[in-house]
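This report describes how the chains of a protein complex meet one another. The sequence and structure are shown first, and the description follows.

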Amino acid sequence: MTYLFFGYVVIWLALAMYLFLLSRRADDLRRQIAELRKDRPAEDADRP
Amino acid sequence: MSRFWELFVKDARLELRTREILSAMCLMSLVVLVLVSFTIGLNPTVAREIAPGLLWVLLAFSSSVGIGRSFQMERERGAGNGVLESPVDRMTILAAKAASNLLWILIVQAFMLPLFAVLLNVDLTRALLPLVVVIVLGSVGLAIVGTLFAAMASVARLREALLPIALFPIVMPLLIACVGATRTILGGGALDLASAELRLLGAFDIILGAASLLLFETVVEEGL
Amino acid sequence: MRRTDALWIGCLSVLMLLSLWMVFLYAPTERIMGQVQRIFYFHVSLSFVSFLAFAVVFLGSLQYLRTGREFWDELAAASAEIGVLFNGLVIVTGSIWARPTWGVWWTWDPQLTATLIMQLMYMAYMALRASAEGERQARLAAVLGIVSLVNVPLVFFSARLLRGISPVIFTRRGRGLEPAMLETFLVSLVTMLVLYFVLTRVRLRLGLAAAAVARLRAETLA
């Protein structure tokens, strides 16, 4: 029984870790977009 | 076909003059062989047990050293793009390179097999002919796929590290089949006792060989 | 976009809870293997879906070489990553299953061996992706993505040959399943499929966005 729980815990941990990694990458991307916005204010201005 | 020979003979002639690749491959085999005997401790029983596997580990490592050099030389001399610019079919280039790699592997085996037999106390004389068949079949697949991967590795950033990382898992079926067949042969069995292994070897050579020939053009599209 | 996202995630959550309930409470306990057999439902589903993921890598690679469109390359990248994740879980859960069932963490059982070789192949694929950039990376990765999938059947055949090389404990996993077990398995399989789909979608969108940002950056710097 312990092995069973161990198995499912591993699955959930791995999935959670992967989602965490993805969100880290998304954050990184958001930061880069913000930087780009700062560098190109002119083009951004004509957007609503 | 004539272009194939031209490229092949050019490579062979260059290598026979410098013998860089051949000596590196032989040394690699020797070093691994000595390393294994010291770390695992090859008493006669152990030696007989692991001989088939060890033979192919040596072959795989020494081949990857040789194959890895196959485009490096052109790269350093800046001749790679010269070859690619000449009006030669890309498949012919890969075939010629793979053929010269195959030749190196077989030459190294010709030197290593007697040494291997002596150091591991394996009697090869009875089983020589079937063993040669297995080694040739295995080396063909290793050479073709390896040459494609060498081209890939030489344009990627990881270079030397990438070739074994990518090549060994792909050729695992080939190695498993070769080791199985070699075990049967060294155990005194006839070649047709290893028919399942030989079929797999043939399938690997044909399928992955064809895939490598077709995909090579994509790899060298932008030069080496 | 947001509405469909919410829909998929809602769908996934319901399926997840349902399959967990079925796995732990609905499905009967297997007589010989006992409770541990319940890992089977997720283990086998994950392994089926990782095959699908690697097939998608192959398709994406092929389509990329034919059309040269970035989308296919990013699809292959996304699918490979999730395939490696799922296939890794197949190995780990297989190992956790092996321990109480066969008394060891690892045996060179043909299935496990083949799964491990496959994992190594696709980890190499990811290493290759990390070691080149731009269009060249996409092309090299596509070549490896194609070669790897072509190799998968050979890997499975060769793993069966391994019997002669190392001791193998024979396993018969797919013996006649009771209806409740089959239902549980099918629900788990669908859950994993939806999980794969949702994850790949997220990862694909992230990859495309990252590529677009990289292009914009290059433009801004130029």
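How many helices and how many strands are there in chain A?

## Chain A and the basis of the model

Chain A has two helices and zero strands, where helices (H or I, at least four residues) and strands (E, at least two) are DSSP runs numbered from the N terminus. Of the 48 residues in chain A, 29% are buried, a term that stands for under 20% relative accessible area, with exposed meaning over 50% and partly exposed in between (1.4 Å probe, protein chains only). The accessible surface of chain A amounts to about 3600 Å², and carbon and sulfur atoms hold 65% of it; such areas come from the Shrake-Rupley method with a 1.4 Å probe, and for residues only the protein chains shown count as cover.

This is a predicted model, in which local features need pLDDT of at least 70 and side-chain atom pairs count only at pLDDT 80 or more, whereas totals for chains, interfaces and linings use all residues. Residues are numbered from 1 along each chain as its sequence is written, chains are lettered from A and ligands numbered from 1 in the order in which they are written, and side-chain values use heavy atoms, with hydrogens and water left out.

## The interface of chains C and A

Contact, defined as heavy atoms within 4.5 Å, joins 34 residues of chain C to 24 residues of chain A. The two chains bury about 2600 Å² between them, 81% of it on carbon and sulfur atoms; buried area here is the accessible area (1.4 Å probe) that two parts lose on being put together, summed over both.

One salt bridge is counted between chain C and chain A, the term requiring a side-chain nitrogen of Lys or Arg within 4 Å of a carboxyl oxygen of Asp or Glu. The salt bridge pairs the side chains of Glu81(C) and Arg25(A), at 2.7 Å from N to O. On chain C, helices H1 (2-26), H2 (39-67), H3 (70-102) and H6 (179-221) each supply at least two residues of the side that touches chain A, and H6(C) gives the most, with 12 residues. That side of chain C divides into 25 nonpolar, three polar and six charged residues, counting Ala, Val, Leu, Ile, Met, Phe, Trp, Tyr, Cys and Pro as nonpolar, Asp, Glu, Lys and Arg as charged, and the others, Gly among them, as polar.

## The interface of chains C and B

Between chain C and chain B, 30 residues of chain C are in contact with 32 residues of chain B, and about 2700 Å² is buried, 75% of it on carbon and sulfur atoms. The count of salt bridges here is zero, while two residue pairs are in polar contact, both residues at pLDDT 80 or more. Helix H4 (110-130) and helix H5 (134-161) of chain C each supply at least two residues of the side that touches chain B, with H5(C) giving the most, 16 residues.

Ser148(C) lies in helix H5 of chain C and counts as buried because its relative accessibility is 0%. Leaving out residues up to four places away in sequence, Ser148(C) touches Ile170(B), Met121(C) and Tyr122(C).

How values were computed: A polar contact is a pair of N or O atoms within 3.5 Å; within protein, one must be able to donate a hydrogen and the other to accept it, and residues adjacent in sequence count only if both atoms are side-chain atoms.
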